[in-house]
Amino acid sequence: MFKEKIRDIREKNNYTQEAFASKLFVSRTAVSKWETGKGYPSLDTLKLISSIFDITIDDLISDEDIGYKKKIDKKDKSERIIAII
């Protein structure tokens with residue numbers, strides 16, 4: 001899954017979450033969310049990861065990851081609707 005892949009990339013390159021985040025112009029919290037499966041990077045950030053670490057986006061994201069992201073998005077949308085009500 002993506003969360004393991006992104007953590008492996010970071011660790012293989014000896015980056016802390018903070019250093020990895022800085023290299024990608026995101027927050028350390030964003031990296032933490034990716035590594036725990038609570039979030040995913042934007043397409044632009046995926047492209048940057050792909051370019052910097054010489055890995056394809058297809059290698060980063062599997063069909064399983066896409067299905068999981070849809071579940072997260074659906075849950076987030078439901079929570080926002082409940083909050084509005």
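This is a predicted model: local features need pLDDT of at least 70, side-chain atom pairs count only at pLDDT 80 or more; totals for chains, interfaces and linings use all residues.
Which residues in α1 meet which residues in α3? Residues are numbered from 1 along each chain as its sequence is written, and side-chain values use heavy atoms, with hydrogens and water left out.

**View 1. Helix α1 against helix α3.** Phe2, Lys3, Ile6, Arg7 and Arg10 of α1 meet Val31, Trp34, Glu35 and Thr36 of α3 (contact means heavy atoms within 4.5 Å). The axes of α1 (residues 2–12) and α3 (residues 28–36) cross at roughly 125° and come within 6 Å. The contact of α1 with α3 divides into four nonpolar, one polar and four charged residues.

**View 2. Helix α2 against helix α4.** Helix α2 (residues 17–24) packs on helix α4 (residues 43–53) at about 105°, with axes 10 Å apart. The two are therefore roughly perpendicular (angles of 65 to 115 degrees). Phe20, Lys23 and Leu24 of α2 make the contact with Thr45, Leu48, Ile49, Ile52 and Phe53 of α4.

**View 3. Glutamine 17 in helix α2.** Glutamine 17 lies in α2. At 19% relative accessibility, glutamine 17 counts as buried (under 20% relative accessible area, 1.4 Å probe, protein chains only). Its side chain makes a polar contact of 3.1 Å with the side chain of arginine 28. Another, of 2.8 Å, joins it to the side chain of glutamate 35. A polar contact is a pair of N or O atoms within 3.5 Å, where one must be able to donate a hydrogen and the other to accept it within protein.

Terms used:
Axes are lines fitted to C-alpha atoms, for helices over the stretch in contact, and angles run from 0 to 180 degrees between N-to-C directions. Helices (H or I, at least four residues) and strands (E, at least two) are DSSP runs, numbered from the N terminus. Angles under 35 degrees count as roughly parallel, over 145 as roughly antiparallel, 65 to 115 as roughly perpendicular and the rest as oblique. Buried means under 20% relative accessible area, exposed over 50%, partly exposed in between (1.4 Å probe, protein chains only). Ala, Val, Leu, Ile, Met, Phe, Trp, Tyr, Cys and Pro count as nonpolar, Asp, Glu, Lys and Arg as charged, and the others, Gly among them, as polar.
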